[in-house]
Amino acid sequence: MRTRRYLPTLGSALIALAALLAMLPMAAEGQAPKRGGILKVAYGNEILGMDFYTTPGYEMAWVAMNVGCGLVSITPEGKFIPDAAESWQASPDGLLFTFKLKKNVLFHDGSKVDAAAVKFTFDFVLDPANRSNMRQFLGAVHSVEVVDPLTVQIRLKQPYAFLMHVLAVYRMGMIIISPAVTQKYSPEDRRAGKPEALVGCGPFKLVEWAKGTHLVMDRFDKYFEPGLPYVDRVVIRTIKDPVTQMAAFKAGEIDFIADLSADHVDTMRAQSPRAQVMSGKETTPMVAMMKVTVPADGKPMSKDRAPHPIFSDIRVRKAVACYGMDRKEIVKIAYKGAATPWAGIIPPGTMDTVDVNHVCPYDPAKAKALLAEAGWGPQKPLTFELMTNTEKSVFNVIATVIKEQMARIGVTANIKLVDKTTWLVTSTQDGVFDMFVEDLASLLTVDQNSYLSASTAAWNHSRHTDTKIDDFYARYAREMDPAKRKAIAKEFQEYSVDKLYWNTISGSPFYQVAQPWMKDYVYQAEFKVVYKKVWLDK
Amino acid sequence: MRVYILRRLLQIIPTVLMITLVVFVMMRSIPGDPVVALLGDAYTEENAIKVRHEYGLDRPILVQYVIWLGKLVQGDWGASILSGRPVLKDVLARLPVTLELIALSMVVALAIAIPAAIIGALRQNTWADYAATSIAMFGVSVPEFFLGVLLLLVFSVGLGGLLPSSGWVYLPGTCQTVVCAAGLWGNTQHVLMPAVALGVGRAALLTRLLRASMLEVIRTEYVTTARAKGLGERPVVLKHALKNALIPTVTVMGLQVGFLIGGAIVVETLFAMPGLGTFGIDAIIARDYQQVQGFALVTALAFVVINLIVDLTYTFLDPRIRYA
């Protein structure tokens with residue numbers, strides 16, 4: 001009898017307990033962030049230098065985003081949000097941008113971030129003597145003026161639809177630099193990572209950079225966003241080998257892998273089932289770039305151009321790269337299907353991208369016919385060199401698949417494996433090559449790609465000379481109406497795939513991995529790697 | 001003896017000069033340009049010309065070498081082209097890690113080689129000998145990176161993080177960075193797997209060499225005499241036979257330092273160690289000429305000095321050897 005009387009009570013208790021257990025994850029979701037702890041991060045590549053405005057590579061930029069602050073930032077949805085500026089407005093003609101700064105923004109040395117510092121930053125970046133890699137994106141800027149200590153105006157020469165993108169996110173965004181510190185220390189001091197020469201206004205201050213080993217940033221107590229950051233210290237270590245990265249992750253030695261190679265994602269998931277594997281839109285293009293012109297006088301970078309002996313002929317480009325390449329097969333083998341086959345110049349995840357895959361269906365018969373029309377065939381077999389490099393194993397897998405696909409259309413592709421620097425110099429400095437496999441810069445906008453593909457760009461890999469491409473970029477950048485801009489982008493991508501100066505194979509997925517206890521990290525691919533809201537639930 | 005040491009020390013100078021000159025010329029002869037990496041997407045022909053001029057890279061190679069040498073004599077090892085960091089400072093910060101790794105891998109090698117060789121020699125053509133020889137063959141055949149990955153998978157992943165997979169804890173007093181961990185136990189944990197990965201291959205080689213040498217020595221008359229005097233097997237083997245059998249082994253050990261430095265590049269990369277190996281390979285890949293020169297210089301110096309020390313140990317092993 002007693003048992004019967006207690007049963008409903010026990011049942012209710014069990015139901016209540018089950019309900020409580022079910023609610024636990026939700027409670028964790030809404031949990032208040034905890035202060036303290038050391039966030040341990042692994043980078044797969046070395047930080048090459050620490051000068052925010054001259055050092056190449058994402059690794060440095062990912063540090064600069066945490067040490068420095070800019071006027072504005074951007075959300076994963078593409079919305080601009082305040083950083084050091086509390087508000088901003090653009091004039092109706094789009095030529096004048098006025099930014100109002102927050103009052104409480106300090107550099108790490110305690111000095112104030114004011115309009116003069118913002119103007120100094122722009123002047124510094126725009127001065128060719130400083131060789132800033134952001135300068136190329138600020139061609140539209142006419143001048144920057146201080147209105148009052150907390151108000152600054154950027155005047156443009158012509159409308160530029162992407163000024164806010166440049167300020168928020170191109171490379172690392174426009175990081176505000178301290179005039180006093182910049183004048184006091186040399187570029188070598190900044191490059192060498194001397195903490196006193198790299199005074200920012202971000203959530204973390206640089207403590208030490210030991211090249212190739214570690215970088216340490218500590219919480220900046222006077223950061224202008226109250227309560228942030230949560231962690232006391234961030235330690236970044238360089239672990240190049242993905243196997244070691246995964247072992248260190250599994251052992252709990254690191255909390256976050258900033259860039260896990262795509263071919264190790266499955267192993268990571270199997271080894272560490274609780275890991276937060278993050279990925280998103282494919283904004284990086286994987287390309288099989290063909291050289292279109294060569295220097296007529298034999299001097300690299302010469303303006304006097306001659307046709308490339310193989311790929312200057314559009315019929316050969318189309319035969320090899322359009323109809324002769326099975327992008328689906330490449331993706332299936334190289335990425336186990338986890339990427340998007342793509343023929344357009346702008347990657348599948350980039351704003352205003354257009355799917356032009358239908359222009360380049362895999363059609364070996366058509367490829368052979370085009371080659372025959374161009375004079376290549378059994379009597380005169382086509383052979384070209386396919387350069388790939390040692391940076392990522394996926395490049396070599398793709399090169400091997402392309403070689404096999406070329407054999408199917410009677411073309412011989414001889415693979416040439418080089419190291420990263422040799423590829424970089426050969427491809428960017430007008431060296432001798434026919435085709436190379438590589439994933440290039442991650443693109444948030446179409447505009448961002450101009451520095452790699454405009455005919456006048458220093459890094460115009462294919463060395464095409466078609467100024468129509470430059471006109472497309474210019475029109476796109478100046479058009480302030482998003483709908484009209486989208487139409488220009490579509491026209492550009494259709495034109496580009498028809499000319500094949502730039503041959504995309506697929507998107508190149510980007511992965512980051514966090515331990516289950518690393519909370520509130522906001523994934524924004526390569527564009528933003530920011531730790532200010534991260535906390536450790538240990 | 002003093003004259004001999006002085007003469008050997010003087011011989012170091014032309015050797016090191018020759019090595020650094022060859023490296024200097026070779027680095028500038030292979031494809032690649034640090035200026036491209038330095039400028040990144042700010043590269044323009046004008047900027048590149050300016051930077052090459054700033055770093056003296058537009059001068060003839062031999063002139064560049066003489067300038068580098070001139071600064072070296074004054075204690076200036078130059079600065080990394082890419083990072084601007086002083087090369088000597090970075091070399092000194094990384095040297096203790098690699099020296100410790102090399103020394104411990106040699107200890108691992110000897111700890112395996114000596115007993116295996118003794119057993120193999122004393123029990124020739126028995127199962128123990130065959131086992132020792134087979135293990136030696138296995139060790140020679142397995143590359144450092146493969147063994148390293150196996151160790152990682154077993155001791156860091158498989159056994160629940162028994163040993164740390166990467167990074168470094170310095171020996172007390174050797175850390176030269178602001179933020180670093182130091183401690184004997186932590187250091188031992190971190191160096192164990194890399195030292196084994198690097199040492200096993202050397203152990204295999206030394207086992208084969210020492211076994212052959214032991215086989216020769218234990219048949220000599222003085223070993224027979226020692227036994228006839230009634231000495232126990234242990235002192236006969238360890239004091240009389242092994243000491244003499246070690247002479248050719250010690251010579252090879254000195255020469256193995258070069259291979260160990262090469263192996264350290266692989267092992268340090270795998271275990272993400274802040275040593276000279278990773279410093280050197282990063283510099284070579286980036287064509288950071290000054291950094292490569294620093295690496296070549298310290299490697300050459302280490303090689304010749306260690307070989308000098310090896311030569312001097314002969315007098316301990318065989319008192320009959322005298323240097324004039």
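Predicted model: local features only at pLDDT ≥ 70, side-chain atom pairs only at ≥ 80, totals over all residues.
Local features need pLDDT of at least 70 and side-chain atom pairs pLDDT 80 or more, while totals for chains, interfaces and linings use all residues. Residues are numbered from 1 along each chain as its sequence is written, and chains are lettered from A and ligands numbered from 1 in the order in which they are written.

Q: How many helices and strands are there in chain A?
A: Both kinds of element are DSSP runs, numbered from the N terminus: helices are H or I with at least four residues, strands are E with at least two. On that basis, chain A has 16 helices and 22 strands.

Q: Why is chain A as compact as a globular protein of that length?
A: The radius of gyration is taken over C-alpha atoms, and the globule rule is 2.2 Å times the number of residues to the power 0.38. For 538 residues the rule gives 24 Å, and chain A is close to that, so it counts as compact as a globular protein of that length. Its radius of gyration is 26 Å.

Q: What percentage of the residues of chain A count as buried?
A: A residue is buried if 20 or more other C-beta atoms, placed from the backbone, lie within 10 Å of its own; it is exposed if 12 or fewer do, and partly exposed in between. Of the 538 residues of chain A, the buried share is 51%.

Q: Is Thr75(A) buried or exposed?
A: Thr75(A) sits in the loop between strand S2 (72-74) and strand S3 (80-82) of chain A. In space it is 8.0 Å from Gln524(A), C-alpha to C-alpha, although 449 residues separate the two in sequence. Because 12 other C-beta atoms lie within 10 Å, Thr75(A) is exposed.

Q: What is the strand order of the open sheet with 4 strands in chain A?
A: Two strands pair if DSSP finds at least two bridges between them. The pairing here is antiparallel, and the edge strands, each pairing on one side only, are S4 (85-90) and S6 (141-148) of chain A. The order is S4-S5-S7-S6.

Q: Which residue stands opposite Val144(A) in S7(A)?
A: S6(A) and strand S7 (residues 151-156) of chain A run antiparallel, joined by 6 bridges. The residue opposite Val144(A) is Ile154(A).

Q: Which helix packs on the sheet, touching S5, S6 and S7 of chain A?
A: Axes are lines fitted to C-alpha atoms, for helices over the stretch in contact, and angles run from 0 to 180 degrees between N-to-C directions. The direction of this helix makes about 165 degrees with that of S6(A). The helix is H3 (residues 115-126) of chain A.

Q: Which strands are the edges of the open sheet of 7 strands in chain A?
A: The order is S8-S9-S10-S1-S11-S20-S12, with mixed pairing. The twist averages 15 degrees from one strand to the next. Pairing on one side only marks the edges: S8 and S12 (276-278) of chain A.

Q: Which residue in the turn between S8(A) and S9(A) has a positive phi?
A: Strand S8 (residues 204-210) of chain A is mostly covered, with 5 of its 7 residues buried. It runs antiparallel to strand S9 (residues 214-219) of chain A, joined by 6 bridges. The two form a hairpin with 3 residues between them, and at about 75 degrees the positive phi belongs to Gly212(A).

Q: What is the bridge partner of Met217(A) in S10(A)?
A: S9(A) and S10(A) run antiparallel, with 5 bridges between them. The partner of Met217(A) is Val234(A).

Q: Which element gives the most to the side of chain A that touches chain B?
A: Two residues are in contact if their C-beta atoms, placed from the backbone, lie within 7 Å. The contact takes 46 residues from chain A and 43 residues from chain B. Elements giving two or more residues on the side of chain A include H6 (187-191), S8 and H7 (242-250). With 7 residues, the most comes from H13(A).

Q: At roughly what angle do the axes of H7(B) and H8(B) cross?
A: The axes of helix H7 (residues 144-158) and helix H8 (residues 184-217) of chain B come within 9 Å. By class, their contact has 9 nonpolar, 2 polar and 1 charged residues; Ala, Val, Leu, Ile, Met, Phe, Trp, Tyr, Cys and Pro count as nonpolar, Asp, Glu, Lys and Arg as charged, and the others, Gly among them, as polar. The crossing angle is roughly 145 degrees.
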